[in-house]
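Trainee: I'd like to learn how to read strands, sheets and a ligand shell. Can you walk me through one example?

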Amino acid sequence: MVLSPAFRREFALTVTTSTTGTSAAAPRATAPRATATTVAAASTSADTADAECAACSRAPLPVLGRDVRVPLVTGGEVGYAALDYAASAPALQRVWDDVAAYAPYYGSVHRGAGYLSQLSTDLFEQSRETVAEFLGCRPDDELIFTRSTTDSLNLLASALPAGTRVYVFDTEHHAALLPWQRADRAQVEYLPAPRTPEQAVASLDVALHGAPKGPKLVCVTGASNVTGEIWPVRELAAAAHRHGARIVLDAAQLAPHHPVDITALDVDWVALSGHKLYAPFGAGVLAGRADWLREAEPYLAGGGATRKVARSGDALSVEWHSGTARHEAGSPNVIGAYAIASACKALTEAGFDSLVTRERELLARLRDGLAEIPEVRVLSLFGAGSARVGVLSFVVRGWNSSHFAAALSAEYGIGVRDGLFCAHPLVRTLLDTEPDEPGECGAPDAAPGERSLNAVRVSFGAGTPQEHVERFLGAVRTLVRDGAAWRYRTEEGRCVPVR
Ligand SMILES: Cc1ncc(COP(=O)(O)O)c(C=O)c1O
């Protein structure tokens, strides 16, 4: 890509940021990419050891909100323990600093002659290249900035060729489960929950083996937002391709924890969300094969997607763009795109090898701690030994999960999530409950003693200190042993402390 003189000049400017002393415009060398196979060889050098994190090989990455204190219902206040990364992760300090340093230079993208418009356009396109590199895109791939994973998968659903058969496990997040049935002229086959990664591959193999000719798409998650279990993406991609199908990877939960490489995994598309990748500025990504996207109707009709619009009689004739602009109608979210690019650089420079190692150590600590509490049942599809990211759901015998999560927040300042996690069929399978039993946020007034129809989810990532995991385990132990110290009731579907 040819950078404008404006962009080149700003690169020379020193835009010093508050805490890290980095520059918004100064290019940083991209560290070598980690790969799944190098994970085992992660560094444990003593000079990176974190004094506060005895079990971890290195310090957490600086994130916003690490000094926030919250009131406790029982009196006093405590540092907030954010253990709901799977919903939305806190912004990396580096991302925040980069965005703040760029903010004065903010301008329109692809539609302004001014200096800041040129600079912003170049920053947007440069961000596209950075994220494409982070995802290991092939030379002919397209990377479209969207609003989120949900948006990305809906975009792909809108671009399916007529008659596409879609194969999706019923364990998927609703964002990956639902868009296909709305797609014009697509037929969807829902595959039952597999109980091992091998069973997942075998089940897809069988389904595709009997499939009629014509376009086929498989949609699969990289890591479950309920169990944190990692799916056998490479093997599923191989099975899909063996039968002439394409595959899209929902990397919403995998990308924040693990390297995702389109080429190495041999998937056709990847979708992810910035707000789960430490870049909460309203952008997401769909990256992958260009052909279906080029041939599809534009996802949104409007400015930016059009090459030429002319009135002829009562009608309008429209010539649409063919590249990424085709599906990026409207003013692009340059801050969101730049934030994702900044997060990609930050994670790459931190090194996935050590991030993965650190996360595994925290996860082991969490799982060992919960295993010592007999009342706790950790939910799992693939069994105890399966590979996972830092996402774990559980139920506690004798507790309604909404009540348990409310007590963790109100009495301990710990933020987790409760419910069915937008993956209703999967959680119902794991809890062995029926679809007509209310599960989402169903905290009864007298909550303890109820059979739990939903679960508690604890999730963490690169910014989590070990103290948060220890405090969480301590709180679970105390709640199970002594019960809640406060009374709770249901208000508008949420379990809240009685005031
Ligand atoms: C696995 C998975 N896929 C897709 C999504 C949807 O992401 P978003 O809400 O950012 O569109 C989520 C959100 O939790 C998720 O966990």
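Mentor: Let's go through the sheets and then the ligand shell. Keep in mind that this is a predicted model.

Trainee: What holds the strands of a sheet together?

Mentor: Strands of a sheet pair through backbone hydrogen bonds, and the pairing can be parallel or antiparallel. Here, an open sheet of seven strands runs in the order β4-β10-β9-β8-β7-β5-β6, and its pairing is mixed. On average, neighbouring strands in that sheet are turned by 20 degrees against each other, ignoring direction.

Trainee: In which sense do β7 and β8 pair, parallel or antiparallel?

Mentor: Strand β7 (residues 216-221) and strand β8 (residues 246-250) are parallel, with five bridges. You can find T221 opposite D250 in β8. Then look for helix α8 (residues 233-242): it lies across β7 and β8, at about 160 degrees to β8.

Trainee: What is the strand order in the sheet of four strands?

Mentor: That open sheet goes β13-β14-β17-β16, with antiparallel pairing. β13 (376-378) and β16 (417-419) sit at the edges with a single partner strand each, so one side of each has no neighbour in the sheet. Inside it, β14 (residues 391-396) and β17 (residues 455-459) pair over four bridges, and S393 stands opposite R457 in β17.

Trainee: Now the ligand. Which residues come nearest?

Mentor: Of the 13 residues around the ligand, those are S148, T150, H173, N225 and S273. By class, the shell has nine polar, three nonpolar and one charged residues. Helices α4 (149-158) and α5 (174-177) each supply at least two of the shell's residues.

Notes: Residues are numbered from 1 along each chain as its sequence is written. This is a predicted model: local features need pLDDT of at least 70, side-chain atom pairs count only at pLDDT 80 or more; totals for chains, interfaces and linings use all residues. A residue is near a molecule or strand if its C-beta atom, placed from the backbone, lies within 6 Å of it. Ala, Val, Leu, Ile, Met, Phe, Trp, Tyr, Cys and Pro count as nonpolar, Asp, Glu, Lys and Arg as charged, and the others, Gly among them, as polar. Two strands pair if DSSP finds at least two bridges between them. Axes are lines fitted to C-alpha atoms, for helices over the stretch in contact, and angles run from 0 to 180 degrees between N-to-C directions. Two residues are in contact if their C-beta atoms, placed from the backbone, lie within 7 Å.
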